[in-house]
Amino acid sequence: MADLVARYLEQAVRLYCGVNGAPTREVEHLRDAVRPLLELYGGLPASSFGLRQLKTLRKQLIDRGLARKTINDRVNRIIRAFGWAAEEELCRPEVYGALRALQALRRGRSRAKEGKRVLPVAWEHVEATLHHVPRPVAGLIELMWHTRMRPGEACQLRPKDLDTSGKVWFYRPQSHKTQRFDRERIVAIGPHGEEVLRRFLARVPQPSPDGPLFSPCDAVAELQLRRRERRKTPLWPSRREAQARKRRHTPRKQPGVAYTPNSFLGAVRRGCRIAGIPSWTPNRLRHAAATRIRKERGLEAARVVLGHASAAITEVYAEIDQRLAERVMAELG
């Protein structure tokens with residue numbers, strides 16, 4: 001089993017990668033899924049793994065307190081790994097066929113807990129957070145609020161990916177969530193989003209067209225500048241040179257070239273903690289935007305703007321306007 005998992009993860013790194021060659025988050029999800037599999041059955045022959053073992057593994061995930069949807073996702077990834085193994089003749093095809101017979105956990109039909117619903121974030125909380133995050137992070141937040149991007153799409157935005165020739169700007173991400181289905185992702189950016197982008201495109205020195213527009217390097221440079229400006233006592237020349245040499249040769253931590261969804265999430269949570277407000281995640285910005293569009297333009301408009309293939313997916317993001325229901329029932333009920 002350990003050999004099978006190692007070979008599957010090796011090909012997953014090659015299969016699930018973006019245009020720049022870096023592995024996508026799917027590789028992280030696969031590693032999380034197979035970790036308990038190795039803990040329980042790492043020394044078991046792959047062809048001896050069956051439905052009973054998979055049920056035992058799922059029961060352990062339930063006992064660990066994972067949410068029902070997370071458990072179903074991890075079990076499905078394990079089954080998918082055995083599908084690849086059967087195709088590569090690393091295990092008997094009957095093993096894969098038997099594992100597919102396992103039914104997914106359903107709401108209220110198991111001991112697995114239900115995850116929390118991702119609700120739209122209120123603008124009051126977003127505005128409070130903006131004052132306590134680095135400027136590039138604040139730019140990412142504002143951009144997502146106005147453009148309905150996914151966090152990964154906003155973090156990787158480069159000047160060369162923008163089409164600014166028309167009245168409405170368009171952004172074509174170099175990699176996106178649905179590219180493996182041969183779908184093209186084009187994000188329309190209106191006047192408010194353009195205003196956010198112009199602030200960063202107009203900075204001096206000019207950003208590299210191949211580099212990310214929102215960079216942690218800029219956040220670190222601005223932090224160091226503010227610290228120097230707030231310093232009340234000047235540094236002695238020798239000490240100044242020693243500190244500059246230390247930062248240049250032995251930095252404690254190098255900032256990344258671009259934000260990742262995880263580092264973006266961490267920065268937002270720190271900002272919420274400093275502001276003293278309930279923590280929220282960047283994905284809730286997308287939910288808030290979908291709800292606004294659905295309320296003003298309808299479900300189909302929300303589906304098109306968010307880039308969903310089906311309106312059923314948009315239903316997950318766009319919350320129903322309760323005030324409309326209240327008004328209708330007040331008049332007709």
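Tutor: Begin with a definition: two strands pair if DSSP finds at least two bridges between them. Helices (H or I, at least four residues) and strands (E, at least two) are DSSP runs, numbered from the N terminus. This is a predicted model, in which local features need pLDDT of at least 70, side-chain atom pairs count only at pLDDT 80 or more, and totals for chains, interfaces and linings use all residues. Residues are numbered from 1 along each chain as its sequence is written, and side-chain values use heavy atoms, with hydrogens and water left out.

Student: How many bridges join strand 2 to strand 3?

Tutor: Three bridges join strand 2 (residues 169–171) to strand 3, and the two run antiparallel. Tyr171 stands opposite Val187 in strand 3. The open sheet has three strands in the order 1-2-3, with antiparallel pairing. Its edge strands, strand 1 (162–163) and strand 3 (187–189), each pair on one side only.

Student: How does one describe two packed helices?

Tutor: One gives the angle between their axes and the distance between the axes. Axes are lines fitted to C-alpha atoms, for helices over the stretch in contact, and angles run from 0 to 180 degrees between N-to-C directions. Here the axes of helix 1 (residues 2–15) and helix 4 (residues 68–87) come within 10 Å and cross at roughly 95°. The two helices are therefore roughly perpendicular (65 to 115 degrees) to each other.

Student: Which residues make the contact?

Tutor: Leu4, Arg7, Tyr8 and Gln11 of helix 1 meet Arg80, Ala81, Phe82, Trp84 and Ala85 of helix 4, where contact means heavy atoms within 4.5 Å.

Methods
Angles under 35 degrees count as roughly parallel, over 145 as roughly antiparallel, 65 to 115 as roughly perpendicular and the rest as oblique.
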